[in-house]
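Me: I would like to learn how to read the contacts between parts of a protein. Could you take me through them step by step?

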Amino acid sequence: MADNGLLESVLQHVEKVDDGVDSQAVAISLGLDHQTVVGAVKSLQALGDVILAEQRTSKHWELTGEGADIAERGSHEARVFGAIPKDGLLQTELMKLPSGRVGFSKAMSSKWIRMDKGHEGGPRVFRMVETIEDVVRQKLLLVRQGKSAELEEKDKNELKKRKLLTEVTVKSYWITKGGSFSTSITKQETELTAEMISSGSWRDKKFKLYNFDALGMALDCGHLHPLMKVRTQFRQIFLEMGFTEMPTNNFIESSFWNFDSLFQPQQHPARDQHDTFFLSDPALAHEFPQDYLEKVKKVHTEGGYGSQGYKYDWKLEEARKNVLRTHTTAVSARMLYRLAQQEEFTPVKYFSIDRVFRNETLDATHLAEFHQIEGVVADYGLTLGDLMGVLHQFFTKLGLKKWVEVGNSGIFRPEMLLPMGLPEGVTVIAWGLSLERPTMIKYGINNIRELVGHKVNLQMVYDSPLCRLDS
Amino acid sequence: MPTVSVRKDLLFQALGREYTDDEFDELCFEFGLELDEITSEKEIISREQGEVKSEGASDIILYKIDVPANRYDLLCLEGLVRGLQVFKERALTPRYRRVCPSGNPHRLIITEETVAVRPHAVAAVLRNIAFTQERYDSFIELQEKLHQNVCRKRALVAIGTHDLDTISGVFTYTAKPPGDILFKPLNQTKEYTAIKLMSLYKSDSHLRHYLHIIEDKPVFPVIYDSNGIVLSMPPIINGDHSKITLNTKNVFIECTGTDLTKAKTVLDIIVTMFSEYCKEPFTVEEVEVVYPDGKTLIYPELAYRTETITADFINKAVGINESAESVAQMLTRMCLRSEVMGDHIQVEIPPTRSDVIHACDIMEDAAIAYGFNNIIHTTPHTYTVSNQLPLNKLTELLRHDLAASGFTEALTFALCSQEDIADKLGKNITDIEAVHIANPKTAEFQVARTTLLPGLLKTVGANKKMPLPLKLFEISDVVLKDESKGMVCIYVGARNNRRLCAIFYNKTPGFEVIHGLLDRIMQLLEVKPGQGEGYRIQSASDATYFPGRCAEIFVRDKSIGRLGVLHPDVISRFEITMPCSALDIDIEHFL
């Protein structure tokens with residue numbers, strides 16, 4: 001920063017004029033380099049509303065190095081003239097002078113000097129006039145004094161051609177008084193301090209301006225994972241709609257609850273080794289509600305409850321096989337079974353969001369485990385229209401109707417519900433979707449590995465925004 | 001969902017009119033199908049094998065239509081067209097009839113030996129059928145589609161079709177040791193024993209997938225004619241002798257399998273679809289099947305069944321208000337011929353609709369015919385008060401406060417390798433109560449995790465370029481083998497356990513940071529430091545942690561987990577480089 005003395009000198013100049021002053025004029029008047037004055041102007045601007053400075057560009061003539069030399073010591077021709085004594089000078093001697101060659105021809109053409117070629121001892125140069133007027137120097141001195149306007153255009157071009165003058169573009173400031181103009185400078189404070197507050201000294205101080213274009217400091221903070229943020233929102237939606245959360249904290253299920261209870265036949269391809277993770281330890285589940293198990297077996301084998309059944313040889317061994325659950329519907333089945341054991345049926349609305357597992361071929365959108373979102377409503381007399389109505393409300397809360405495409409929905413079959421002991425006439429509607437798919441759509445992620453698992457880039461987690469599904 | 005590929009020109013010819021692609025897409029939607037793709041053989045080859053290979057391939061337009069998995073009657077052009085024409089009321093559902101030939105029907109005798117390998121067989125004859133190249137192709141394609149779907153890749157049922165005029169009844173379905181079976185299989189030039197065939201087909205890109213069904217059996221199924229000609233060796237290959245051609249007039253169809261219901265369904269589908277091309281359309285000649293116990297049954301069953309429903313049932317289930325006549329008409333359009341009888345509607349389920357096993361399936365068809373888009377959305381009157389699962393509520397609250405404590409949430413997999421939960425943590429897998437997966441495709445899915453720590457350390461490993469320190473946490477479930485009966489009403493021998501794990505990874509171990517986090521968590525859970533009712537930590541020895549830098553955490557004198565500085569070997573095994581301290585606790589104590 002420029003020192004306060006300089007700043008105050010500049011301010012004094014500005015004080016004297018009402019309609020402002022050019023920084024170049026200030027520089028000349030203070031006898032300083034223009035750039036020094038520009039620096040002072042910038043420092044003054046930083047003080048706030050002390051001055052107003054409007055940038056301007058102007059062209060002006062300036063002496064070249066040679067031009068400045070001539071303004072100081074005279075033109076080459078004048079120097080040649082001055083070097084010749086009364087009795088003349090040998091041409092060879094004259095040419096040895098620094099200005100000799102250029103000055104000789106110019107002085108000759110101005111007829112200030114003559115040469116006697118036949119002079120004994122070699123060609124000799126003599127003055128032709130008593131005194132000379134060094135016009136070139138005078139013109140350059142005018143420029144040096146900032147009076148280039150007094151020169152004619154022709155002269156300026158002539159001098160430019162002789163590389164004594166040059167035309168330069170100058171960026172300068174037009175300085176006028178600001179709203180809080182004063183000729184004295186107070187020291188600027190960087191920050192407000194407790195001391196200033198208690199002493200009240202902040203009232204008399206000037207504060208350095210902030211640069212509002214810069215970013216703030218990166219905070220050292222914790223972050224929630226984007227998929228979990230979306231999970232929170234889905235939970236919220238279900239809670240707003242009056243759904244109760246199911247206990248899904250059991251990744252291991254028997255095939256019985258995962259498949260058989262849902263009336264999925266034992267030869268169903270989903271029960272293949274290629275689709276489902278079976279366990280080697282603990283390989284088998286024990287103890288099922290015997291009554292219910294018999295009913296499930298019967299409805300698969302022979303039908304009943306108005307159904308033809310699948311008419312195949314249902315095997316307990318197959319139902320006992322433990323699996324990593326392939327859907328949370330296994331939990332819905334347990335919950336509906338539990339509901340059916342109540343003394344009296346009460347309508348329920350259930351939801352869950354938790355992990356499920358598939359022994360699938362992995363690709364950009366499929367992992368061996370993902371989160372399933374599930375909603376279930378059980379009541380007397382529910383219709384397909386109700387299912388579609390609930391789905392519509394649910395997806396409206398998500399904010400995007402096209403998200404319907406990412407899920408499945410339906411009405412549970414009587415062959416599933418009646419063996420559990422649910423009363424005839426009770427309908428159960430349900431729908432499900434993955435948590436990952438809508439999240440990928442929401443955050444524009446194409447590869448699921450960039451969202452889930454240990455390989456995710458933590459920067460993505462750090463940078464992830466709030467999750468507001470409906471906006 | 002199976003995809004059926006049909007030629008657009010043949011489809012429109014059979015439908016008797018043209019559609020634009022959009023119109024046909026709309027028609028599919030109305031009928032409960034989805035026009036998945038419009039393509040051509042050339043386009044498919046070009047996409048899968050490159051443009052060069054596609055040169056010369058057909059550019060006839062193909063419609064690929066997604067069909068519901070149990071609608072076997074829509075798996076070929078014939079069935080699709082029949083279904084759509086009836087749906088648009090341009091045709092009536094045909095009545096399929098089983099007929100007895102003027103002489104004795106053909107017989108298929110099942111011998112006792114088949115019980116050991118593939119006990120069921122059914123058969124039928126299509127008499128005076130007229131094949132064209134297109135019909136023949138469709139006939140073969142339908143068998144393949146059935147094999148892949150309802151037949152479960154031939155495991156449950158396998159189909160054999162034969163030129164009846166090249167063979168002579170009575171036919172015998174038996175099972176023999178593979179060395180005793182000798183015949184010339186389809187498209188081969190010489191005879192092979194079954195043993196040699198099995199090794200021959202080991203390298204066959206198509207047939208090798210079926211070998212496992214019988215290869216470990218002492219006897220293989222085989223069907224002979226009365227002259228000892230081999231018709232087929234199900235479920236692998238037919239004999240070359242009886243193969244059908246474009247000129248075949250009479251087709252003998254046999255379906256063998258382990259599931260009789262499915263075998264009957266498959267036979268019914270084939271004969272109902274292709275009897276259309278018989279001299280007397282939609283008639284099928286019966287075959288007598290004689291069982292080892294002497295019992296004789298006539299196939300195909302072609303059974304019609306009648307269900308009695310009411311319009312009220314349909315209206316209440318769908319949420320519409322249609323008259324009985326209207327409901328009957330809708331169902332008839334879905335190939336379920338229905339008639340109003342007083343207060344009831346009699347619905348006839350044809351042999352093509354094995355998927356209709358309950359009145360709810362009839363209701364679904366009524367909804368399709370009514371049009372899903374025409375059903376008015378309603379809100380159920382079900383009034384309920386919601387509740388959060390206490391464990392999940394606690395988890396949600398803790399997650400937010402852990403993030404507020406400056407830790408970042410990780411989300412890692414529940415499945416991992418044995419190494420991750422044992423060797424890498426300095427433990428022996430036999431000492432760990434882990435659940436083991438029987439059929440993992442890779443080592444990444446050998447076990448369910450028993451601790452969240454490996455997931456967090458792997459997260460650090462994948463984020464070595466991030467500025468230090470890394471402060472990570474996860475609250476999620478691990479799975480433990482557990483012989484005791486848990487809260488769940490059925491005992492599977494394992495239970496989930498909700499854990500909280502956090503790590504601090506920096507140039508210095510930062511035990512004080514992770515210790516401070518424990519203090520903060522305890523403060524949030526309203527547990528004060530101290531003996532008895534409070535929490536305390538006590539020096540412990542654990543191979544995962546640096547000796548002397550591990551403590552066990554006790555809350556109300558019960559151990560809930562550990563914290564400490566990780567062992568340098570653990571750090572190295574997870575291929576990370578800086579010191580790291582960790583906290584690993586069970587949060588189910590705080591419910």
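Reply: Happy to! Let's start with a term: a salt bridge is a side-chain nitrogen of Lys or Arg within 4 Å of a carboxyl oxygen of Asp or Glu. Keep in mind that this is a predicted model.

Me: What area is buried between domain 1 of chain B and domain 3 of chain B?

Reply: The size of an interface is often given as the accessible area lost when the parts come together. Here, domain 1 and domain 3 of chain B bury about 850 Å², with 57% from carbon and sulfur atoms. In domain 1 of chain B, the residues losing the most area to domain 3 are B:Arg71, B:Val86 and B:Phe87, together 50% of what that side buries.

Me: And what do chain A and chain B bury between them?

Reply: About 7300 Å², 58% of it on carbon and sulfur atoms. The contact draws on 96 residues from chain A and 83 residues from chain B.

Me: How many salt bridges are found across the interface of chain A and chain B?

Reply: Four. In a salt bridge, the side chain of A:Arg355 meets that of B:Glu474 at 3.6 Å, N to O. The interface of chain A and chain B also has 49 residue pairs in polar contact (both at pLDDT 80 or more).

How values were computed: Residues are numbered from 1 along each chain as its sequence is written. Chains are lettered from A and ligands numbered from 1 in the order in which they are written. This is a predicted model: local features need pLDDT of at least 70, side-chain atom pairs count only at pLDDT 80 or more; totals for chains, interfaces and linings use all residues. Side-chain values use heavy atoms; hydrogens and water are left out. Buried area is the accessible area (1.4 Å probe) that two parts lose on being put together, summed over both. Contact means heavy atoms within 4.5 Å. A polar contact is a pair of N or O atoms within 3.5 Å; within protein, one must be able to donate a hydrogen and the other to accept it, and residues adjacent in sequence count only if both atoms are side-chain atoms.
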